[in-house]
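Me: I have a chain here that I'd like to talk through with you. Could you take a look at it?
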Amino acid sequence: MGATGRPPLPSSDGVWSRAVVRSFAPLLLVLAMLAAGRAPAAEWEGALRGTGRLLLDTNAPRDFSDQLTPNPERDFALSLLGSAEGRGSFEQAQLVGRYELGTRAYRLYRDENTLVQSGAVEASHALGTALGIGLEGHAKDRRGGSRSYSDLGTTAFLEYAPDVRLALRVRAGARRFVYRPDPTANFGGPEVGVLGRYRFDRRHSLSVFGDWNSRRFGTPPRARPSGTGGGSGFLAGRRQDAALTAGASYTYRGPLALGLTYAFQESSSNSYGETIRRHRVSANAGVRLPWRVTLLAQGSLGITQYPDGIYLSPEIILVEEDEGQNSLSVKLARPLTESLDLEVTWGIWSTRLPRNSLTYTRQVISTGFTWRY
């Protein structure tokens, strides 16, 4: 993929913009109520944040390469991100909302320009001193580039928190995923999850988590090719996947902020080439340095297995981009005023596909400012 080929994204599209705004209208209404409401029996709080960065991207089209494929050309981009969040606390209830809007515009790879919206709303009600019930919903919409999708979900949850040390949440709901470049990757289905946290003291805490999602697609499953063992030929019915995630995390809060997480992920499919298993370890740390500088670092390592070998479906490519890669990132931040920070970041993402020697490497260097209110 080069800097030319597909026409650049238009700077504006009235029909598309109105459709996106309509999809997020309920969330924007909740945030407006959180920001403007002043009920006498409630406590309201909110925050605004904006970040602008100039960045250098070594692999803007996110291409895989080998020894015979040249690496993409480096490109500069402007990144803007704004967020709003609010919370309303009542006598026995709580309402929380968050909305983010971000865009990235490249100088050469204009077909990779993106506009991303995401939001979440949660309403909960206390049943006594230890139990609570609630509803939550989330949405993410990404437009532009080669990875344009919408991810929607809603769940009901039951929470048990007898004291400040222990908290347990069980949830059940549904999820819908729409991948616009290839509708065969669209899916929907029910999901369940559990999250437990125990605080040993004010500095040490341990969490365990698990999620299961049944994914039903609108296309038939892919049959095993002849000569690869097992049965082959046309398979009746629709493709169905079962996605499982389970893991644990440890958090330390002191002079050094530290987090360590292990996660096992498995997506088992009746379609040939779509089954994935992954072990992933990630860590993050933060520390204050001299001259009021804060250092934040995050890294991850993973082992991915494809029992049927590699089949580059759109879904696998999306998973590889978001969570299937080894990564390392560093951020330095220094406050200039009470509400304005100067930031410098660097990150690298890489992975290798077995059996075909395809590799993926991307580095991003950026500098910019973050404003808070």
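This is a predicted model: local features need pLDDT of at least 70, side-chain atom pairs count only at pLDDT 80 or more; totals for chains, interfaces and linings use all residues.

Me: OK, how many helices and strands are in the chain?
Reply: The chain has three helices and 16 strands, taken as DSSP runs (H or I of at least four residues for helices, E of at least two for strands) and numbered from the N terminus.

Me: And what share of the residues counts as buried?
Reply: Of the 373 residues, 33% count as buried, where buried means under 20% relative accessible area, exposed means over 50%, and partly exposed lies in between, with a 1.4 Å probe and protein chains only.

Me: How many aromatic pairs are there?
Reply: The structure holds six aromatic pairs, counted when ring centres of Phe, Tyr or Trp (its six-membered ring) lie within 6.5 Å, with planes under 30 degrees apart called stacked, over 60 edge-to-face and the rest tilted. One of them is the stacked pair of Phe177 and Phe187, with 5.2 Å between centres and 15 degrees between planes. That pair links distant parts of the chain, since Phe177 lies in strand β7 (residues 166-179) and Phe187 in strand β8 (residues 187-199), ten residues apart.

Me: Are those two buried or exposed?
Reply: Both Phe177 and Phe187 are buried, and together with Tyr149 and Phe217 they form one aromatic cluster.

Me: What sits over the ring of Phe217?
Reply: The charged end of Arg239 does, 3.8 Å from the ring centre; the criterion is NZ of Lys or CZ of Arg within 6 Å of the centre and within 35 degrees of the ring normal.

Me: Changing topic, where is Gln117?
Reply: Gln117 is in strand β4 (residues 114-127) and is buried, with a relative accessible area of 6%. Its side chain makes a polar contact with the side chain of Tyr99 at 2.4 Å, meaning N or O atoms within 3.5 Å, where within protein one must be able to donate a hydrogen and the other to accept it, and residues adjacent in sequence count only if both atoms are side-chain atoms.

Me: Last one, what is the phi of Arg62?
Reply: Arg62 has a positive phi of about 55 degrees although it is not a glycine, and it counts as buried at 8% relative accessibility.

Conventions
Residues are numbered from 1 along each chain as its sequence is written. Side-chain values use heavy atoms; hydrogens and water are left out.
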